[in-house]
Amino acid sequence: MFFVSISLGSVTIPFKEVCTSLTGGHASKSTWEYIIINYRLPKAITAVLVGMGLSVSGLLMQTLFRNPLAGPYVLGLSSGASLGVAFVILGAGFLPSFLSEIALSSYGIVLASTVGSSLVLLLVLVVSQRLRDTMAILIVGLMFGSFTTAIVSVLTYFSTAEQLQKFTFWSMGNLGSLSWSTIFILTVCVGLGLTLSAGSIKPLNALLLGENYAKSMGLNFKRARLVIILATSILAGSITAFAGPIAFVGLAVPHIAKLTFQTSNHTILFWSTLFLGAIIMLFCDVVSQMPGFDVTLPINAITSIIGAPVVIWLLVQKRNFQ
């Protein structure tokens, strides 16, 4: 899927040329090589990172809260990022012109998104240290999300059509706007989040039968919960900052992995969710590029259009899903 994603698009590049270009050779056309190296390769790498990060963070949240509807954004990180971006895009008109240009640049939007999600993360971490009940943390996360969404709604009400259009485009998600330097930063963040997640496999297995069982097995529950929340926050927060809020992948892929492999063992689920997330995200990227057309569809729309029927079909095929 990685090579297919690079090969297909508005300009179809032969598979052989893609392999030649990526292995250090030169494509027969310089334009093909330019498209591969400067546009499609960064986009494909971003799709892999986004798919892996969101899928694993969704698995962590569903196991921690024992809720099949929990996703990577259940703690309100996406809403916090949206609030930061909304302040920048919708409030830039109140700033001096030179500050407005800096704020509306790609780096300004990434910084605003990072600050917004980080503030929500700090609040969630503080609350998680004070609350013993895990479900209470879920409710607090949802309340943070509702609160920040309400502020965004107020900002949009007083915004111009141009500002609203820019904010809407950001909220649709975008895999193709990252430079190599930002991809490196995203790779480091996702790598750190996945490392923390991999280290939580045993605690996640212990949590399958509930908090009391996990504690009876000698698990330091408070510490394990903190690590899981931190890993999810790093994954979801960094991805939202650089690629926008990508919907559905984090919610659906863990279910697809469970239904496909018929197991609740996180030693298997972690790796299957990791690779299925990357594969599905790359496939959605191929569809969004509309091979043969000049149109590129919003990635958020494609993930839901493709993912929802797949999950429904799997549930119908395997009725004994629990």
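Tutor: With residue classes. Ala, Val, Leu, Ile, Met, Phe, Trp, Tyr, Cys and Pro count as nonpolar, Asp, Glu, Lys and Arg as charged, and the others, Gly among them, as polar. Keep in mind that this is a predicted model.

Student: How do the residues lining the largest pocket divide into these classes?

Tutor: The lining has 17 nonpolar, 11 polar and three charged residues. The volume of this pocket is about 660 Å³.

Student: Which residues lie nearest the centre of the largest pocket?

Tutor: Trp170, Gly173, Asn174, Ser177 and Phe242 do, out of 31 lining residues.

Student: Which helix gives the largest share of that lining?

Tutor: Helix 6, with five residues. Helices that each supply at least two include helix 3 (30-64), helix 6 (106-130), helix 12 (221-243) and helix 14.

Student: Now the surface. Which residues form the nonpolar patch?

Tutor: Met1, Phe3, Val4, Phe15, Trp271, Phe275, Ile279 and Phe283. Together they have about 740 Å² of accessible area. Helix 14 (266-288) and helix 1 (2-7) each supply at least two patch residues. The largest share, four residues, comes from helix 14.

Student: Where is phenylalanine 15 found?

Tutor: In helix 2, residues 15-22.

Student: Why does phenylalanine 15 count as partly exposed?

Tutor: Start with the cut-offs. Buried means under 20% relative accessible area, exposed over 50%, and partly exposed lies in between. Phenylalanine 15 has 44% relative accessibility, so it counts as partly exposed.

Methods
Residues numbered from 1 in each chain as written. Predicted model: local features only at pLDDT ≥ 70, side-chain atom pairs only at ≥ 80, totals over all residues. Heavy atoms only, no water. Patch = residues over 30% accessible without salt bridge, like charges linked within 9 Å, V, L, I, M, F, W, Y side chains within 5 Å. Areas by Shrake-Rupley, 256 points an atom, 1.4 Å probe, with all protein chains shown as cover. Salt bridge = Lys/Arg side-chain N within 4 Å of Asp/Glu carboxyl O. Buried < 20%, exposed > 50% of the residue type's maximum accessible area, 1.4 Å probe, protein only. 1 Å grid on protein atoms, 1.4 Å probe; cavity = no way out; pocket = protein on both sides within 12 Å on 5 of 7 lines; lining within 4 Å. Points joined across faces, edges and corners; volume = space filled by probe spheres on them.
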